[in-house]
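Please read the following briefing alongside the sequence and the coordinates. It takes up overall form, the surroundings of the ligand and model confidence in turn.

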Amino acid sequence: MNDEAATSASPGKSPASSLVLSDVDSGYGDLPILHGVSLEVAPAEIVAVIGPNGAGKSTLMKTLFGLLALRGGTMTFGDEDLGQISAARRAELGMAYVPQEGSTFPELTVYDNLAVSLLRESTLTQSRHINEMLESFPALQELRRARAGTLSGGERQMLAIASAMISQPRFLALDEPTTGLAPSIVQERIADIVAVRERGTSVLWVIEESPMLCLPHVDRVYVLNSGVLGPSQPAADMLDEELLQATFFGIDHHRE
Ligand SMILES: Nc1ncnc2c1ncn2[C@@H]1O[C@H](COP(=O)(O)OP(=O)(O)OP(=O)(O)O)[C@@H](O)[C@H]1O
Ligand SMILES: [Mg+2]
C-alpha cells in the first residue's frame, strides 16, 4: 500500500483514509438484503467484491454511498461516520461512485459530462482539470465533442470513470465497470482502474463478469452470497476457473 501517493494525490484534502464497514445491515422496505457485512479498504488498495446475480453487491454500494439507509452496524471513512452524513458530503470527503446503471448524461458531450463534476469550480479551473483528464484518457480527447449517448458501452464506462476521477477522489467505488464489454475493451478499462490506483486512490470494485481478467489486478477479494460477506482473501487465491464457477453459479466444487 502506498500511503504517500494517496496523500499527495489529493492536495488540500486530509491524509489517506481507510474505509471500514462493520456488521452492516441494509435492505429495501421489509426486505433485509445485507446481513452483518464487514469490509475494509486501505489507502491505495484495490479490493474486489464478487458474487452471483442478486447477491447484494449493488445494495452494498448503494448503502455505502447513502442511497439506502444503514439499518445496523457502522461505516467509517477515516474519522468520518458515514452513517451520520449525507450522500453529497461523501463527495467532499473524496469518495466517488460509478453505479452499475452508469452515470453519464447521454445528451451532453464528453467534455460537458466531465464539466458536470466540476460545476462549483471556475471555468478556468474546469478547463484545466478537464484537459488533464483528457490527457490521461487520450481516447476521450478524440471524442470530446461527441454526445455521451452516441458512445459505445466501453467508451461510456471510460467516461464514467474519468468523470468520477476528475474530482481527485481518494476512494472510488465501481459497480461492474466491465460487464457486457468485449475482452479487449475489458483490458482497456482494467488499465484505467490500475491507473486510478497509481494515483493513490483506493478502489472498491464489484466484479461479476470476466473475473479471470480482472482479479490479477486486485489485492484482496470478498465473496458476497445472499447478503453475507465472507472474509477477504488474496485475489491470487481466487484465480481458479472451477472455484470461480462455484462462487458465481453455486456449482458444487470439490478440490482434489
Ligand atoms: N429497489 C429494490 N427493491 C426491492 N428489492 C430490490 C431492489 N433492488 C434490488 N433488490 C433485491 O435485492 C437483492 C440484491 O440485489 P442487488 O442488485 O444488490 O444484487 P447484485 O449482487 O448487485 O446483482 P447483479 O449481479 O445482478 O447486479 C436481489 O434479490 C434484488 O432482487
Ligand atoms: Mg448489481
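The points below are grouped by topic.

This is a predicted model, in which local features need pLDDT of at least 70 and side-chain atom pairs count only at pLDDT 80 or more, while totals for chains, interfaces and linings use all residues. Residues are numbered from 1 along each chain as its sequence is written, and chains are lettered from A and ligands numbered from 1 in the order in which they are written.

**Overall form**
- The protein has 10 helices and 11 strands, taken as DSSP runs (helices H or I, at least four residues; strands E, at least two) numbered from the N terminus.
- The C-alpha trace spans about 60 × 40 × 40 Å along its principal axes.
- Of the 256 residues, 40% are buried, that is, have 20 or more other C-beta atoms, placed from the backbone, within 10 Å of their own.

**Around ligand 1**
- The shell holds 13 residues, of which Y28, N53, K57, S58 and T59 come nearest; a residue is near if its C-beta atom, placed from the backbone, lies within 6 Å.
- Two or more residues each come from β2 (31-41) and α2 (57-64), and α2 gives the most, with three.

**Confidence**
- Mean pLDDT, the predictor's confidence in each residue from 0 to 100, is 89 for the protein, and 91% of residues reach 70 or more.
- pLDDT stays under 50 over residues 1-13 and also over residues 252-256.
- Where pLDDT is low, the predicted coordinates should not be read in detail.

Key. Buried ≥ 20, exposed ≤ 12 C-beta atoms within 10 Å, placed from the backbone. Contact = placed C-beta atoms within 7 Å.
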